[in-house]
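Here's a quick tour of one model, starting with an open space and ending with a strand. Have a look at the structure first.

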Amino acid sequence: MGSEPLRITVLGSATPFPRPGNACSGYLVEGGGVRLWVDAGTGTLAELQRYVSLGEVDAVWISHLHADHSADLLTSYYALLYAGLELPLPVPLFGPPGIADRLAAFLTNGPDRSPIEKAFAVEELSDGHLARVGGLTLRSRAVDHGGLPAFALRVEDGAGCSLVYSGDCEPCPALVELALDCDLFVCEADGAVPGHHSAAQAGRSAADARVGRLVVTHVGPGTTPAEAVALAAAEYPGDVVHADPGLRFEAGVGVGPGPESEWTPGPESESE
């Protein structure tokens with residue numbers, strides 16, 4: 001426990017809807033004996049199972065409740081409770097305030113509220129929220145996403161490695177503080193609109209936080225991955241890569257294909 005490298009595998013990075021070969025936002029974070037599903041956008045539940053079974057997921061962390069980051073919680077609820085799987089339940093679920101009632105409102109089909117808590121042990125996030133899952137420390141900060149409760153995540157292992165995921169947010173001091181000196185920074189680049197980073201802004205946030213490596217993800221329509229990488233690289237002096245689905249990044253190391261994934265390298269990819 002704790003000897004494996006801290007790494008993140010891209011389950012999907014599409015916005016605002018899934019594309020063939022690319023699900024919406026979702027990531028598998030591994031390290032410290034832990035398997036963490038970070039964001040559950042549309043299509044990511046299927047992609048998750050390329051790498052781990054549902055019974056191997058130790059916890060789920062959700063940045064905010066837009067469907068392209070959370071919709072597959074609905075189908076995972078059915079899988080956990082009604083698919084005849086022998087799984088340890090409930091699964092810890094860290095998410096924005098109101099996440100349990102939001103799920104129940106969608107899933108309840110009669111007079112009785114759907115038993116969300118049988119599937120998920122819900123713990124609501126707050127600014128500065130801190131949790132330990134196995135050998136990993138999860139630190140969350142509230143970030144600016146158009147007034148919607150939204151959070152970014154820093155994951156640290158016992159060996160001093162760290163990665164930060166922005167969720168969806170516009171540039172803000174809380175994100176830079178959270179990402180300061182991290183080994184790997186996964187930052188969205190959905191566009192220069194309120195509540196989001198542009199690719200250039202992702203580069204500036206990475207530079208301000210002095211991160212070791214930048215992965216641009218969730219690139220908005222109208223910008224190719226290669227263009228996003230170039231725009232970010234103009235603002236950030238370190239290595240910049242696009243979050244192609246199936247890529248695996250180790251904090252402080254490099255990039256490669258996840259097991260059993262079809263991998264085509266980096267910035268030249270046609271994925272959106």
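The lining of the second largest pocket splits into eight nonpolar residues, two polar and one charged (Ala, Val, Leu, Ile, Met, Phe, Trp, Tyr, Cys and Pro count as nonpolar, Asp, Glu, Lys and Arg as charged, and the others, Gly among them, as polar). This is a predicted model, where local features need pLDDT of at least 70, side-chain atom pairs count only at pLDDT 80 or more, and totals for chains, interfaces and linings use all residues. Residues are numbered from 1 along each chain as its sequence is written, and side-chain values use heavy atoms, with hydrogens and water left out.

Both kinds of space come from a 1 Å grid over the protein atoms alone: a cavity is a set of points where a 1.4 Å probe fits but cannot get out, while a pocket is an open set with protein on both sides within 12 Å along at least five of seven lines, and lining residues have an atom within 4 Å of a point. Points are joined across faces, edges and corners, and a volume is the space filled by probe spheres set on them. By this rule there is one cavity of 30 Å³ or more.

| Space | Volume | Lining residues |
|---|---|---|
| Second largest pocket | about 150 Å³ | L65, H66, A67, S70, A71, L73, L74, I99, R102, L103 and F106 |
| Largest cavity | about 70 Å³ | W37, L54, V57, V60, S76, L80, V91 and F120 |

Which helix gives the most to the pocket lining? Helix 4 does, with four residues. Helices (H or I, at least four residues) and strands (E, at least two) are DSSP runs, numbered from the N terminus. As for the largest cavity, its lining has seven nonpolar residues, one polar and no charged.

Now for strand 3, residues 26-31: six of its six residues are buried, meaning under 20% relative accessible area with a 1.4 Å probe, protein chains only. G26, L28 and E30 point one way, Y27, V29 and G31 the other. Strand 3 pairs antiparallel with strand 1 (residues 7-14) over five bridges, where two strands pair if DSSP finds at least two bridges between them. Here V10 stands opposite Y27. With strand 4 (residues 34-40), strand 3 pairs antiparallel over six bridges, and G26 stands opposite A40. Strands 3 and 4 form a hairpin with two residues between them, and G32 in the turn has a positive phi of about 60°.

Definitions and conventions. Buried means under 20% relative accessible area, exposed over 50%, partly exposed in between (1.4 Å probe, protein chains only).
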